[in-house]
Amino acid sequence: MKASDVKKGNVVEHDGTVYQVRDIERSSPSARGGNVTFRFTLYSIPGGRKFDLSLRADDELREMDLVRRAANFSYMDDGAFVFMDAEDYTQYPLSPELVGDNAGYIVEGIEGYYVQLIDDAPVGLQVPTSVVLTVVDTAPEMKGSSATKRNKPAKLNTGIEVQVPEYISNDEKVWVNTLTGEFAGRA
């Protein structure tokens, strides 16, 4: 496909690497006969590394077919996260490198995970925007400090640490925003 036909969200291949298009900036030259250029902000699949690419309108990019399949986390197998397709029960083992920072948001029994596939091979994982996790270790609430809103660190059952309000105690379930990694409320 021509660079001028690429839209946000498309999945393309460039120099043997697969990328998802997150942003497109079009610049028109002021001189006659100048070429229109497109600046793409791309993120690699898997890995999510940012890559900036500038192309002319007639330059070619190969479009890839990215399939998103709803899946549920099943179990760990030799360090790999195994997800099961919600429709046809296909199992997808995802390596820790492929899951990346999302590992702290993987919990059994939560809907909203999507395994991203290219040519039936898993290349990425999309997690829900918020998940419920359990506080396993946090400092006790300080008495008489309710006048000020202060946060304290709390370790959660998946191993990640977030800042929570002082009134949160051990064994409480909390919502965590997976986009920001921040406390989003009691569950």
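Author: A patch, in the sense used here, is made of residues with over 30% relative accessible area and no salt bridge, and like charges are joined within 9 Å. In this predicted model, such a patch of negative charge is formed on the surface by Glu-63, Asp-65, Asp-119 and Asp-120. One of these residues, Glu-63, belongs to strand S5, which covers residues 62-63. Glu-63 has a relative accessible area of 44% and is therefore partly exposed, because that term applies between the limits of 20% and 50%.

Ser-44 also lies in a strand, namely S3, which covers residues 37-44, but with a relative accessible area of 6% Ser-44 is buried. Beyond its neighbours within four places in sequence, Ser-44 makes contact with Thr-17, Val-18, Tyr-19 and Arg-49.

Two residues in loops complete the picture. Asp-15 sits in the loop that runs between strand S1 (11-14) and strand S2 (17-27), and with a relative accessibility of 69% Asp-15 counts as exposed. Tyr-89 has its place in the loop between strand S7 (80-85) and strand S8 (91-94), and is exposed, at a relative accessible area of 58%. Most residues other than glycine have a negative phi. Asp-15, however, has a positive phi, near 50 degrees, and the phi of Tyr-89 is positive as well, near 65 degrees.

Key: Residues are numbered from 1 along each chain as its sequence is written. This is a predicted model: local features need pLDDT of at least 70, side-chain atom pairs count only at pLDDT 80 or more; totals for chains, interfaces and linings use all residues. Side-chain values use heavy atoms; hydrogens and water are left out. Helices (H or I, at least four residues) and strands (E, at least two) are DSSP runs, numbered from the N terminus. Buried means under 20% relative accessible area, exposed over 50%, partly exposed in between (1.4 Å probe, protein chains only). Contact means heavy atoms within 4.5 Å. Patches are made of residues with over 30% relative accessible area and no salt bridge: like charges are joined within 9 Å, nonpolar side chains (Val, Leu, Ile, Met, Phe, Trp, Tyr) within 5 Å. Accessible areas come from the Shrake-Rupley method with a 1.4 Å probe; for residues, only the protein chains shown count as cover. A salt bridge is a side-chain nitrogen of Lys or Arg within 4 Å of a carboxyl oxygen of Asp or Glu. Lys and Arg count as positive and Asp and Glu as negative; His and the chain ends are not counted. The place of a charge is taken as NZ of Lys, CZ of Arg, CG of Asp or CD of Glu.
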